[in-house]
Amino acid sequence: MPIRAQMGMVMNLDKCIGCHTCSVTCKNVWTNRRGTEYVWFNNVETRPGRGYPRDWEDQDRWRGGWTLDRKGKLKLKSGGRIKKALNIFHNPDLPTIDDFYEPWTYDYEHLISAPSSEHQPVARPESQISGEPLDLQWGPNWDDDLAGSAEHAANDPNRRGALEERIRMEFEQSFMMYLPRICEHCINPSCVASCPSGAMYKREEDGIVLVDQETCRGWRYCVSGCPYKKTYFNWDTGKAEKCTFCYPRIEAGLPTVCAETCVGRLRHIGVVLYDSDSVVAAASVPDEHDLLGAQLGMFLDPEDPEVRRRAEADGIPHDWIEAARRSPVYDLAVRWRVALPLHPEYRTLPMVWYVPPLSPVMSLVEEGVDPDVDPGDVFGAIDQLRIPVEYLASMLSAGDPEPVRLALRRLAAMRAYKRTETVDGDADAALARAVGIEPEDMELMFRQVAIGDYDDRYVIPKAHPEAGPVDPNTLQGACGLEWVDREIRGGEVDDSFDLRDHIVRVEGQAR
Amino acid sequence: MAAWQVMLYAVLPYAAVAAFVVGHIWRYRVDQYRWTTRSTQMLESRWLRYGSVAFHYGAFAAIGGHVLGILIPASWTDAVGIDEDAYHVISAVGGITAGVAVIAGLTILVWRRARIARVRVTTTRMDVVVFALLAVAVISGMAVTILNNVTDTIHYRENVAPWFRSLFALDPDVRTMDGVHWVLQAHVSIVWLLYALWPFSRLVHAWSIPVDWFRRSPVLFRGRAGRPRHASAARSGVR
Ligand code: SF4
Ligand code: SF4
């Protein structure tokens, strides 16, 4: 049973201020090209809200991810290969660009060239695809910060059913949070399983999920197969593109661009070790509420000498194993259980996890918004504020409120614990132990979650060039899609180094 | 045997096949990146649904019909008990159904490409040429099918089919094409042009029918060291 290493990310939602810096820097690096104007490998959604693309979480409609068949076997929700092959000329589950948004610019030229007139000239919006004038009805983050939420938040797929009535009430008390999203680099990726051409793959070394641009034939099943809608179709090249986890940076030991530039410094990147034999079983547990536990059960404890010995025997480099021991992802998700996966019920075993936001809860307590809550009793508040907890649970734990409650209690306990240290001069160990965390661990958790030093947040072992044909340093400073830009933009490029030669060599051998 | 006949029925076929073969090898080697369906479903899905499905399934049926009518000699179909009358019924019903599907599909596809601005901007000059050739090819093909059923002027199993098979013997029997209905002659020649342009156009995606898909393990791994790890993916048990 080979052990594999997997890169993962944790985002601490408490700290996200919804500034979209991550989205913009990512876009400038990766999707600032014709055909990808509408593509945001990283995007930030306001919740409650509809998300990007609109209502992506509604899998009754998009049929992304996996489900269990009658015999309890894992299968793609959108159907098997035969059904897909028959539908290959028109994918019934594919979102159109209007579900994302039609990208536009403004006719600024008109401001200069308009003849003199009584009224000031106006720069009208025009489509970046067709150049035709657009009547804007929807756009990126159209419902940002609850804008137009009477109309839009009502459609949030997480609010369905019993939650609908209750969240509306909460709504009047302005409950809002941000959800930054990238590709989950799933351990059981349904995008990869959906690809007819075999163009999508997981990298063996770090689990990053990529699209081979040379092998992709534009069948589009990855787009509909991904329940998170994090593979995109470049309408100009006719190929799929997706978040690369900034692999050229990761290989050099640097965090992704979104993480590096995050204003809230809320992203943590690290390695986890898992047992590749346990993947199918973990993704196939019948009860959705058990999926989180099953995924946690796949991760191996890097402090266990036997695990380390086996990992080394399976070819995982020593420094990677050491990095796994210091992994912030392992600490937050497995050791302390304060981070939770996004929609585990999609059964893709996602690897971007979230620390649920305590702030909406805390502000209700501290500002005495809810008269039933005793301001001194944070735990009581978490339990009584059933609505946000259940709402969070519908995103982060397949609807099971317990893991969310545990995470929030631990975060609240951490605050209380540190408060006793600062105010009383003596940290109250009982507060930590009450939530099952030893005081020393509470200190570590505080360092990771609250302080978040650069070197604690990012523990990224470098790639091992000796293990492959191309030294990643030769690709330094290059974007994996650079030759595309060169052809499309027709810009002036120094051709003495042809990146493509190197990429093709890597991928040619991989094929 | 006029010079133009030699051009159309001996030179053009071999030139087209040469372009077809060499073109594909060249394209496959140098231009994997643009080898794609160039689907526009993202931009317009409603009309594509009717157009694309009708066109592609119709095209499959039409290809099947051509195999039956051109590649397989009449004596063979006779031998398995499909007599001339039965063949006529099959070719009339099948041919007209397939033809209607292809023409309807292509009409919708061309219409949306021309009328819907988003789709129009993705259209290359080669697309225009290919669509035009396809249109002429399917309309003339349909005309042949209809003429064959309402008149007694076509007889492609006695002229075009033997000539086509003679091409494989590297001994083109140009003379059998004498006196063939001009619509059928046009159809045949246009299709050769289409073959010649095939590797240089979006039609290449036809060779990407994902056959390997059915035996590959669903979750693929690739390592830096190369080698697709189908084996290890299978070992991980992801099915
Ligand atoms: S989140 Fe990423 S890895 Fe997971 S299915 Fe979607 S595109 Fe694939
Ligand atoms: S940069 Fe950080 S704080 Fe700003 S929106 Fe992105 S994740 Fe949130």
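I count a contact as heavy atoms within 4.5 Å. With that cut-off, I find 76 residues of chain A in contact with 53 residues of chain B.

**Conventions.** I am working on a predicted model, in which local features need pLDDT of at least 70, side-chain atom pairs count only at pLDDT 80 or more, and totals for chains, interfaces and linings use all residues. Residues are numbered from 1 along each chain as its sequence is written, chains are lettered from A and ligands numbered from 1 in the order in which they are written, and side-chain values use heavy atoms, with hydrogens and water left out.

**Interface of chains A and B.** I looked up the buried area, meaning the accessible area (1.4 Å probe) that two parts lose on being put together, summed over both. Between chain A and chain B it is about 5,600 Å². Carbon and sulfur atoms give 55% of that area. On the chain A side, Arg81(A), Phe89(A) and Arg217(A) supply 16% of the area buried against chain B, more than any other three residues.

Next I checked the charged pairs. A salt bridge here is a side-chain nitrogen of Lys or Arg within 4 Å of a carboxyl oxygen of Asp or Glu. The rule finds four across the interface of chain A and chain B. I noted the pair of Asp98(A) and Arg118(B), whose closest N and O atoms are 2.5 Å apart.

Then I took the polar contacts (a pair of N or O atoms within 3.5 Å; within protein, one must be able to donate a hydrogen and the other to accept it, and residues adjacent in sequence count only if both atoms are side-chain atoms). Between chain A and chain B, 28 residue pairs are in polar contact, both residues at pLDDT 80 or more.

Which elements of chain A supply this side? I take helices (H or I, at least four residues) and strands (E, at least two) as DSSP runs, numbered from the N terminus. Helix 3 (81-86), helix 8 (190-194), strand 8 (200-203) and helix 25 (499-510) of chain A are among those that each supply at least two residues of the side touching chain B. Helix 3 of chain A gives the largest share, five residues. By class, this side of chain A has 37 nonpolar, 17 polar and 22 charged residues. For classes, Ala, Val, Leu, Ile, Met, Phe, Trp, Tyr, Cys and Pro count as nonpolar, Asp, Glu, Lys and Arg as charged, and the others, Gly among them, as polar.

**Chain B.** I list nine helices and two strands in chain B. Along the sequence the pattern reads α-α-α-α-α-α-α-α-β-β-α. The C-alpha atoms of chain B fill a box of roughly 60 × 40 × 40 Å along the principal axes.

**Ligands.** I call a residue near a ligand if one of its heavy atoms lies within 4 Å of it. Around ligand 1 I find, among others, Cys183(A), His185(A), Cys186(A), Cys191(A) and Cys226(A). That shell divides into seven nonpolar, three polar and two charged residues. Ligand 2 has 14 residues around it, and Cys16(A), Cys19(A), His20(A), Cys22(A) and Cys262(A) come nearest. Nine of the shell are nonpolar, four polar and one charged.

**Backbone in chain A.** Most residues other than glycine have a negative phi, and most peptide bonds are trans. I noted a cis bond joining Arg47(A) and Pro48(A), with omega about 0°. The bond from Tyr52(A) to Pro53(A) is also cis, with omega near -5°. Pro48(A) lies in the loop between strand 2 (43-47) and helix 2 (59-62) of chain A, and Pro53(A) lies in the loop between strand 2 and helix 2. Asn141(A) has a positive phi of about 55°.
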